[in-house]
Amino acid sequence: MEVSFEAEYWEEGGQYVARANRLNVMTCGTTRDEAEQALLEAVELFLETAQQEGTLEDVMTESGYVVVEGKWVPFSKPERREMELRI
């Protein structure tokens, strides 16, 4: 199985946090590279578990994915923008 996903990274409290946005999988590491490797492992385990449970197609569809040429890809990209609010 092949899956394309967008990851986000940021530093927080001396750790690097990594998140696979659409799949809502997060992890961390002491370096960005460590966090990235941990995220790849976490996503792999998440998807393997969903496959074993028979829920992979539901999980991927609910996360906004479709199969194109044998690969799970996002069917649309959400718009992102920074916003400000004063209270």
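I take buried to mean under 20% relative accessible area, exposed over 50%, and partly exposed in between, with a 1.4 Å probe and protein chains only. By that scale Arg32, at 40% relative accessibility, counts as partly exposed.

**Entry 1: ground rules**

I am working from a predicted model, in which local features need pLDDT of at least 70 and side-chain atom pairs count only at pLDDT 80 or more, while totals for chains, interfaces and linings use all residues. Residues are numbered from 1 along each chain as its sequence is written, and side-chain values use heavy atoms, with hydrogens and water left out.

**Entry 2: the chain as a whole**

I looked up the secondary structure and found 2 helices and 6 strands, where helices (H or I, at least four residues) and strands (E, at least two) are DSSP runs numbered from the N terminus. Along the sequence these follow the pattern β-β-β-β-α-α-β-β. The C-alpha atoms fill a box of roughly 40 × 30 × 20 Å, taken along the principal axes, and 23% of the 87 residues count as buried. I also noted that, among contacts (heavy atoms within 4.5 Å) with a separation of 6 or more, residues 24 or more positions apart account for 35%.

**Entry 3: the open sheet**

I followed an open sheet of 3 strands, which has the order β1-β6-β5 and mixed pairing; two strands are said to pair if DSSP finds at least two bridges between them. Its edge strands are β1 and β5 (65–68), each of which pairs on one side only. β1 and β6 run in the parallel sense over 2 bridges, whereas β5 and β6 pair in the antiparallel sense over 4 bridges. Trp72 in β6 is the bridge partner of Val3, and Val67 also stands opposite Trp72. In the hairpin of β5 and β6, which leaves 2 residues between the strands, I found Glu69 with a positive phi near 50°.

**Entry 4: salt bridges**

How many salt bridges does a search of the whole structure find? The search returns 3, a salt bridge being a side-chain nitrogen of Lys or Arg within 4 Å of a carboxyl oxygen of Asp or Glu. Side chains of opposite charge can pair when their charged atoms come close.

I checked Lys71 and Glu2, whose closest N and O atoms are 3.7 Å apart. Lys71 is partly exposed at 28% relative accessible area, and Glu2 is partly exposed at 46%.

I then turned to Glu8 and Arg19, which form a salt bridge with their closest N and O atoms 2.3 Å apart. This pair links distant parts of the chain, since Glu8 sits in strand β2 (residues 7–12) and Arg19 in strand β3 (residues 15–20), 11 residues apart. Both are partly exposed, Glu8 with a relative accessible area of 23% and Arg19 with 24%.

The pair of Glu36 and Arg32 has its closest N and O atoms 3.2 Å apart. Because the two are 4 residues apart in helix α1 (residues 32–53), they are separated by about one helical turn. Glu36 is partly exposed at 28% relative accessibility.

**Entry 5: rings**

I searched the whole structure for aromatic pairs and found 0, with rings of Phe, Tyr and Trp (its six-membered ring) pairing if their centres lie within 6.5 Å, and planes under 30 degrees apart counting as stacked, over 60 as edge-to-face and the rest as tilted. I did find the charged end of Arg32 over the ring of Tyr9, 4.0 Å from its centre; a charge sits over a ring if NZ of Lys or CZ of Arg is within 6 Å of the ring centre and within 35 degrees of the ring normal.

Leaving aside neighbours within four places in sequence, I found Asn21 in contact with Glu6, Glu8 and Arg80.

Glu34 is found in helix α1 and is partly exposed, at 40% relative accessible area. The side chain of Glu34 reaches the backbone nitrogen of Thr30 at 2.9 Å.

Key. A polar contact is a pair of N or O atoms within 3.5 Å; within protein, one must be able to donate a hydrogen and the other to accept it, and residues adjacent in sequence count only if both atoms are side-chain atoms.
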